[in-house]
Amino acid sequence: MVFTAVIITVVATAVGSAVDASESVHPDANRAARPNVLFMISDDLNCRIGCYGDPDVLTPNLDRLAARGVRFENAYCQFPLCGPSRNSMLCGLYPDSTGILANSQIFRETIPSHQSLPHAFRLGGYFSARIGKLYHYNVPRSVGTNGHDDPASWEMEINPMGCDRSVEEPDIFSLKKGSFGGTLSWYASPRPDGQHTDALLAEEADWVLERCSKRNDRPFFLAVGFYRPHTPYVAPEKYFRHYQLDEMPLAEDVDEDLRDVPPASLLSHKKEHDLLNDPLRRKAIQAYYASITFMDAQVGKVLDALDRHGLADNTIIVFTSDHGYHLGAKGLWQKMSLFEESARVPLIISTPQGRNHGKVATAPVGLIDLYPTLADLCQVVAPENLQGQSLRPMLDDVTHAGRGYTISQVTRKLGKPKSRFFGYTIRTQQYRLTLWDDAERGVELYDHRADPAERNNLAYDETAPDSKTQNPKILSTIESLTRLLHDEIARGMPDEGRPAPMPRKWIIDLTNP
């Protein structure tokens, strides 16, 4: 039995723009010539996918999307946790500027007058619709609802709920019984694709695209937020069969890898992860991979629908994830670290008239850059305080250096009562520098040209009295990167300080928030 909860919100003349072809044309006819946007985002997806060089994970549809667009090799989230990352991405602001540093919050609690990315597109004449998860949701409990959504961002919200939420939870294995969203948990479902939430998302996307294809007076911004591979890793059993348990790759030499790592960098470790043994690790990885391949199949259905309805020739396609994901490297699982596995995300952008289909841009970029990029490409007026860069030059020339770096951050708590401190990391083409509590609780420096797995912390010297390197060249690199990181942190911090979430009764006013 499958339940589908669909909530559709219509504002002003939105229903006419999306569904009823008999309504009048938008007053600015030139807007119809602008490209559509199909924005797809996966949940908790790292870069272990085919087009990013992983030979073991099957993602044929993401691979074909990469072949028709530009793949960004070094793309990073700004906070490796769903809520802060998604608010940052959709606001085009660093987490210090949104004030969202935890889940279950929305930027209207901190910066209520700001226009989000889809909000700006709405005001610019676009039909804006969301299917599934774009802002934060309590997964899986909020599946089928609006979650922690922003009403001003969309004219239409569609929230399917499949068997993975409505039927199968009693059968899901979890390291913590009855806990699924934040705990390693998985299930090989006996039910077919079409009964699962992500497949219902793809079906609804086909429905919306069909109706958009019947209108040529107004472009669309359609966001499709897939839930997989977020825990619980639930997918039809056939996808599990692609991956043999004894072939699942386990992290090696973990203890040796941790010898030069400051304790603060490992505080994302969860106590229940101590219950993992090698058989369970292999099952978790198998289920994660199966969920990826299942999600990829749904991406394929949406891409096919875009082509079938004749919309591909004038649609920008974006695919990304909200953050990366650990699968045992550094002894860590899931998210909330500042290592490459957690901070790095897949990012593919396909433009209809792009000259660089199938090419790879290697300059470091951030999810914060998507808002100014899409506004630039679609001639949408964006707020002046956006903190990202437009990636349009890289789409035109994949060798373009762009800003040359991007930063990410996390929060940490220690002691009783717990005191909060921050970790910030800057990723350049060659290096990653991470400062914990502004270097008071640790420094990490990795040279990605020589050490892409970040196994050798150049800031550490076990022969030194304080274990800090005395190498002049390394110290010079740390000093220069620290200045760059401090400058960017300062740029992302409002003059009045980081806004704090305030319990308030806020009213959405689309034109004067």
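Biologist: Is Arg344 buried or exposed?
Modeller: This is a predicted model: local features need pLDDT of at least 70, side-chain atom pairs count only at pLDDT 80 or more, and totals for chains, interfaces and linings use all residues. Residues are numbered from 1 along each chain as its sequence is written, and side-chain values use heavy atoms, with hydrogens and water left out. Buried means under 20% relative accessible area, exposed over 50%, and partly exposed in between (1.4 Å probe, protein chains only). Arg344 has 14% relative accessibility, so Arg344 counts as buried.

Biologist: Which residue forms a salt bridge with Arg344?
Modeller: A salt bridge here is a side-chain nitrogen of Lys or Arg within 4 Å of a carboxyl oxygen of Asp or Glu. For Arg344 the closest N and O atoms of the pair are 3.0 Å apart.

Biologist: How many residues apart are Glu73 and Arg344?
Modeller: Helices (H or I, at least four residues) and strands (E, at least two) are DSSP runs, numbered from the N terminus. Glu73 sits in the loop between strand S2 (70-72) and S3, and Arg344 in strand S13.

Biologist: In S13, which residue is the bridge partner of Tyr76?
Modeller: Two strands pair if DSSP finds at least two bridges between them. Strand S3 (residues 75-76) and S13 meet that with two bridges, in the antiparallel sense. In S13, Tyr76 is partnered by Arg344.

Biologist: Which strands stand at the edges of the sheet?
Modeller: The sheet is open, has three strands and mixed pairing, and runs in the order S13-S3-S16. Each edge strand has a single partner strand, so one side of each lacks a neighbour in the sheet. The edges are strand S13 (344-345) and strand S16 (365-366).

Biologist: How many residues apart in sequence are the parts tied together by Asp193 and Lys238?
Modeller: Their side chains form a salt bridge, 3.5 Å from N to O. Asp193 lies in the loop between strand S7 (185-189) and helix H7 (197-212), whereas Lys238 belongs to helix H8 (residues 237-240). Asp193 is buried at 10% relative accessibility, while Lys238 is partly exposed at 41%. The parts tied together are 45 residues apart.

Biologist: How many disulfides does the structure hold?
Modeller: A disulfide needs a pair of cysteine sulfur atoms within 2.5 Å. For Cys51, the nearest cysteine sulfur, that of Cys47, is 8.5 Å away. For Cys212, the nearest is that of Cys378, 14 Å away. The number of disulfides is zero.

Biologist: What is the omega of the cis peptide bond that joins Arg228 and Pro229?
Modeller: Most peptide bonds are trans. Pro229 lies in the loop between strand S8 (220-225) and strand S9 (233-236). Another cis bond joins Val139 and Pro140, with omega about 5°. For Arg228 and Pro229, omega is about 10°.

Biologist: Is Gln379 buried or exposed?
Modeller: Gln379 has a positive phi, near 55°. The residue lies in the loop between helix H12 (370-378) and helix H13 (392-396). Its relative accessibility is 62%, so Gln379 counts as exposed.
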